[in-house]
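Welcome! Please take a moment with the sequence and the model below, and then we can walk through them together.

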Amino acid sequence: ALVAIEEVCKPHEWGFDLTSKLVAYNESIDKATNIESFEFEVKKPTDRTVDNEEGNSPVVFSIELSNLRDLLYEEDNSVYCSMAYVAGQGEGEERVRVEVGDTESEGIDRIEMYVDARDLQSINSDGSEVPEDEYIALLTQRGIENLSERKRFVSFSGTIITGNNSYDYGVDFFNGDYVTVVDKELNIKVSTQITEITFSELGDGVYVDVTFGYEKATIQELIKRKGVV
């Protein structure tokens with residue numbers, strides 16, 4: 001179930017929290033746990049980039065600012081597509097089609113892909129008809145999901161230097177937020193999303209390892225997403 005939720009959230013770059021609600025353990029109740037229920041919450045990321053229009057205090061990570069070290073950078077445009085043609089039910093010119101993504105892109109910036117979504121039909125299993133707007137929404141969602149696998153994969157990973165009082169995790173920024181990463185040596189300034197945070201406690205203190213952006217999808221991962229293996 002969690003894998004399915006991740007697949008729905010990732011194209012929109014949302015996150016989610018799943019929190020257990022605990023109660024006092026009662027031996028008279030035939031349950032081997034004190035978890036009463038789970039609370040599910042969709043988390044919308046906050047824009048903390050230097051150019052954000054929401055009035056949020058910007059968060060900038062950079063080796064030059066002494067709040068980041070061991071910065072590794074990866075970029076891969078080999079599978080990138082800017083927009084998708086999604087074809088649903090029907091035959092030939094009668095097929096239902098929608099365009100998804102950056103449909104205004106032109107020239108070399110317009111990289112198209114085709115999505116065969118004939119498996120999405122407007123007739124339910126009970127014979128009832130799916131309203132047209134709902135069917136178009138299904139095709140659009142299929143296009144969004146496919147484009148999410150064809151994005152420009154840009155990923156930074158590094159270790160936040162704690163103790164310099166520049167930013168505190170859980171106060172100034174959170175996992176899933178958009179921040180700005182600057183590397184003067186690589187001449188890069190990019191607004192990107194924090195996608196993973198790992199805490200490590202060593203003898204000389206706590207290390208916070210951060211991944212910015214999404215690492216490129218491997219062929220094996222794409223095949224698994226399609227249910228081939």
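Which element gives the largest share of the nonpolar patch? The answer is β2, which supplies four residues. Please keep in mind along the way that this is a predicted model.

**The patch on the surface**

The nonpolar patch sits on the surface and is formed by Trp14, Leu18, Leu22, Ile35, Phe38, Phe40 and Val42. Together these residues have about 670 Å² of accessible area. Two elements, β1 (15–22) and β2, each give two or more residues to the patch. One member to look for is phenylalanine 38, found in strand β2. Phenylalanine 38 counts as exposed because its relative accessibility is 54%, and the cut-off for exposed is over 50%.

**The chain as a whole**

Now let us step back. The protein chain has three helices and eleven strands. Read from the N terminus, its elements run α-β-β-β-β-β-β-β-α-β-β-β-β-α. The chain has 229 residues, and 31% of them count as buried. Among contacts with a separation of 6 or more, 59% are between residues 24 or more positions apart.

Not counting residues up to four places away in sequence, phenylalanine 212 touches Phe61, Leu68, Val154, Ser155, Phe156, Val179, Val181, Thr192, Gln193, Ile194 and Thr195.

**Aromatic rings**

How many aromatic pairs are there? The count comes to six. A pair of aromatic rings is described by the distance of the centres and the angle of the planes.

| Aromatic pair | Centre to centre | Angle between planes | Arrangement |
|---|---|---|---|
| Phe61 and Tyr167 | 5.6 Å | 65 degrees | edge-to-face |
| Phe61 and Phe173 | 5.3 Å | 80 degrees | edge-to-face |

Tyrosine 167, at 21% relative accessibility, counts as partly exposed, because buried means under 20%. Phe61, Tyr167 and Phe173 belong to one aromatic cluster, together with Tyr169, Phe174, Phe199 and Phe212.

Let us finish with some loop residues. Threonine 49 lies in the loop between β2 (35–43) and β3 (60–62). Is threonine 49 buried or exposed? Threonine 49 is buried, because its relative accessible area is 6%. Leaving aside neighbours within four places in sequence, threonine 49 is in contact with Pro58, Tyr178, Val179, Thr180 and Ser191.

Lysine 44 is also found in the loop between β2 and β3. Lysine 44 counts as exposed, with 71% relative accessibility. Between lysine 44 and glutamate 13 there are 8.1 Å in space, C-alpha to C-alpha, although the two are 31 residues apart in sequence.

Tyrosine 80 has its place in the loop between β4 and β5 (83–87). Its relative accessible area of 17% is why tyrosine 80 counts as buried. Which residues does tyrosine 80 contact, leaving aside its neighbours within four places in sequence? They are Ile111, Arg150, Lys151 and Arg152. Tyrosine 80 and glutamate 149 are 69 residues apart in sequence, and their C-alpha atoms are 8.2 Å apart in space.

Terms used: Residues are numbered from 1 along each chain as its sequence is written. This is a predicted model: local features need pLDDT of at least 70, side-chain atom pairs count only at pLDDT 80 or more; totals for chains, interfaces and linings use all residues. Side-chain values use heavy atoms; hydrogens and water are left out. Buried means under 20% relative accessible area, exposed over 50%, partly exposed in between (1.4 Å probe, protein chains only). Contact means heavy atoms within 4.5 Å. Patches are made of residues with over 30% relative accessible area and no salt bridge: like charges are joined within 9 Å, nonpolar side chains (Val, Leu, Ile, Met, Phe, Trp, Tyr) within 5 Å. Accessible areas come from the Shrake-Rupley method with a 1.4 Å probe; for residues, only the protein chains shown count as cover. A salt bridge is a side-chain nitrogen of Lys or Arg within 4 Å of a carboxyl oxygen of Asp or Glu. Rings of Phe, Tyr and Trp (its six-membered ring) pair if their centres lie within 6.5 Å; planes under 30 degrees apart count as stacked, over 60 as edge-to-face and the rest as tilted.
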